[in-house]
Amino acid sequence: MVKRSRAEFLACNLPQLQNLIKRDPQSYRDEFLQQWRHYESALAIFRLKPESDAKEFGELITFISHVSFCYQEDCTQFPQQLIDILSTHYQILEPELRRTMVQALVLLRNKDLISTTSLLSLFFTLFRAKDKQLRSLLHSHIVNDIKNANAKTTNNKLNKTLQNYMYTMLKDSNETAAKKSLEVMIDLYKKNVWNDAKTVNVIAEACFSPVPKIVAPALHFFLGSNDKKDDDQDSDGDVPDISALKHMAQVNKKKKSRRTAIEKAIATTKRKERAKMRAETFNFSALHLLNDPQGFTEKLFSRLKHTTSSNSFKFELRLQMMNLVSRMIGIHKLIVFGFYEYVIKYLKPQQRDVTAILAFVAQSSHELVPPDALSPVLQAIADTFVWNNMASEVVTAGLNGLREVCARCPLAMSETLLQSLIEDYKNHREKGPMNAARSLLGLYREVNPEMLKKKDRGKVASMALKEFKPAMYGEVRVATGIDGTEFLERLNRPDEDNDEDEEFEVSDSDSITDESCDGGATGNDEWCDIESEEDDTRSVDDADGWDEWEEASMDEDDEEEGNTGSEEEEPAVGTRETAGAEPSPAKKPKLGIAAEKILTDEDFRKLRKIQQLRAAQKLAGVHSESLDEDLLEDSDDGAVDEDDGDVVDVSRIMKGIRRKDDYEARLASIKAGREGRDYGSKKNKEERGSKTNREKSKQKAVMMMVHKKSVKGKSKRSLREKQKVLRAHIKKQKMKKH
């Protein structure tokens, strides 16, 4: 066998040559040029028949893409050649060769040998190819590349160019390419790369597409929650154990690779710690970034009516469109009268997903909707859900839906309908309708007790009815302060009141002792002249008090003069001192702690707890000052759960409805109940839970057993029956001995 030379061996083994070139590019330049000439000849042959399976050509592309950064002058045309092949023949290329070319371009982009704009425009075009693996590869690279381009600073030029290109891609004739482009924009928004209004409005245009596959992800994007997701792909892995790596480096053989692994692990740990210490980025809902919420909602609602009449979309997709329309109406306080007329035909117990539709109706109601627009909806819910022939689950869902709507628009409920519902179901025999009706009753006790009958108002609402003034349609009540700040100020400064009381007691005792001493020295009733700053301030305060007392007394005298018609003057103690003084100006309301500092999250948690306790005091009919000590002690308890009023969950409509468990759920509850318990016969066991009834009967008194049939029957037995019983007893005793 003839031994091959090293040059021949390297020409056949491209991975080995690639490794050697990366170590010493200048020494292996001739070998690279040989492979480059081979690549050019293979490229000329491939252009004659691009649909052929050119495996060797793919290996050459991979090899050159890995070593091209070592010979950039010789490979200047290599990226453009790959781009031309893919843009011209991407539909007919063999899938494996096409993925090889894309991976080569990704490698060249990572080494910054090709511009982002030219490459990404090609990749968006390749979304049209019928290759799922290729589309997944393109999607991940586009998202990561744009994210890395905006890592240090926002690249506005690149973002603007790509956003305009994606806007055209959303209108592409190929449904798959338009859908993948939309998914790229959604991922970039979720990763906080493109979180501006332009991105949101471009995605909003996809909601009006005639293709259901494009409409569905756009609707899901707007209906998605604001849960914080980890942006970094590598953050899901566990942090490496540095101490274990250092121990391995000390015990095992010293190698450069182990030292490099430890350095990488330390760098990873520091990067994760920096990510933890980095300030949080709050991702506001995309619904607030729309340029024209009213126009978007009306256009989407017209689209919903068109798809309903033509039945072009599935019911699940139309349900999502209904959800988005209702959420837009509720969040932005929009007026879309046609939506309430449209939704009435779906308010039937036999309707599919009717509980979700009830939640959408509640989402779309707010205080700015005219009561006349919502009254037909409430009447339809009451007529179809709440009546005696319906099941309790249906009645409960209807009453819960009415409560959610009335909580946002109380004026929509008529007084007659409200009293009828409460009268029929507040004492219902089943818990679900009863609790739902009582929750509706409790709501109107707080909102408008005048609509209730006198017997249904309750103690607290009846006592506060004189001062109560119901809110009218369109009325906005501006808050003058934050409820509970006076208690919060006491929490933050608990020792201030005690210090003031001590100072007051000390100053009083000093004045009394001085007065008694001076009075004893002079022996008369004259006041003592004491020069001190404390007395001066006290005299000023006293003068202000006399002014207020004098003004109040003068007002009372004026009233008496108006009633009697006579003028009477009474000598007042402070009239001589304040005869020429001007009336004191009206006192400004005290702003409290809210004007002194910026309230923190902890302060707001305490305020929520204080407001909750004050509401409990009000419901219990307890005076607000009688539970101050308990309030100060319990105000540091756990935070109150916040509830998003803009979004109505279906669980609120289903509250109080208990469905029967299936077989698996019943079996699981049975097994859970058996834990820690012993089953089976306890015969011949030392530990027994109790005695049998027969054993207990033997220990009872005779007079307790005389009237029993078994005892009376013994005395009436015949001789033959007594013999049978005796023989059976003897036989049983013999068997016990064995």
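A salt bridge is counted here where a side-chain nitrogen of Lys or Arg lies within 4 Å of a carboxyl oxygen of Asp or Glu, and by this rule Glu183 pairs with Lys180, their closest N and O atoms being 3.3 Å apart. The model is a predicted one, and its chain is made up of 34 helices with zero strands.

**The chain as a whole**

- Among the contacts in the chain with a separation of 6 or more, 68% are accounted for by residues 24 or more positions apart.

**Helix α7**

- Helix α7 (residues 116-126) is largely enclosed by the rest of the structure, because eight of its eleven residues are buried.
- The buried residues of α7 are Thr116, Leu119, Leu120, Leu122, Phe123, Phe124, Thr125 and Leu126.
- The cover over these buried residues includes α5 (78-89) and α6 (95-110), as well as α8 (132-149), α9 (156-169) and α10 (175-190).

- Glu183 and Lys180 both belong to helix α10 and are three residues apart, about one turn of the helix; an α-helix has 3.6 residues a turn, so residues three or four places apart point the same way.
- With a relative accessible area of 22%, Glu183 is partly exposed, whereas Lys180, at 15% relative accessibility, counts as buried because the cut-off for that class is under 20%.
- Arg605 forms a salt bridge with Glu602, with 2.6 Å between the closest N and O atoms, and the two residues are separated by about one helical turn because they stand three residues apart in helix α27 (residues 601-620).
- Both partners of this pair count as partly exposed, Arg605 at 32% relative accessibility and Glu602 at 38%.

**Salt bridges between parts of the chain, and a network**

- Glu423 forms a salt bridge with Lys455, the closest N and O atoms being 3.6 Å apart.
- This pair links distant parts of the chain, since Glu423 lies in helix α21 (residues 415-425) and Lys455 in the loop between α22 (431-447) and α23 (458-463), 32 residues apart.
- Glu423 counts as partly exposed at 35% relative accessibility, while Lys455, with a relative accessible area of 57%, is exposed.
- Glu96, Arg98, Arg99 and Asp131 are linked to one another in a network of salt bridges.

**A positive surface patch**

- On the surface, a patch of positive charge gathers Arg694, Lys698, Lys714, Arg717, Lys722, Lys732 and Lys736.
- Two or more residues of the positive patch come from each of the elements α31 (693-698) and α34 (719-737), and α34 gives the largest share, three residues.
- Arg717 has its place in the loop between α33 (709-715) and α34, and at 30% relative accessibility this residue counts as partly exposed.

Terms used:
Residues are numbered from 1 along each chain as its sequence is written. This is a predicted model: local features need pLDDT of at least 70, side-chain atom pairs count only at pLDDT 80 or more; totals for chains, interfaces and linings use all residues. Side-chain values use heavy atoms; hydrogens and water are left out. Patches are made of residues with over 30% relative accessible area and no salt bridge: like charges are joined within 9 Å, nonpolar side chains (Val, Leu, Ile, Met, Phe, Trp, Tyr) within 5 Å. Accessible areas come from the Shrake-Rupley method with a 1.4 Å probe; for residues, only the protein chains shown count as cover. Lys and Arg count as positive and Asp and Glu as negative; His and the chain ends are not counted. The place of a charge is taken as NZ of Lys, CZ of Arg, CG of Asp or CD of Glu. Helices (H or I, at least four residues) and strands (E, at least two) are DSSP runs, numbered from the N terminus. Buried means under 20% relative accessible area, exposed over 50%, partly exposed in between (1.4 Å probe, protein chains only). Contact means heavy atoms within 4.5 Å.
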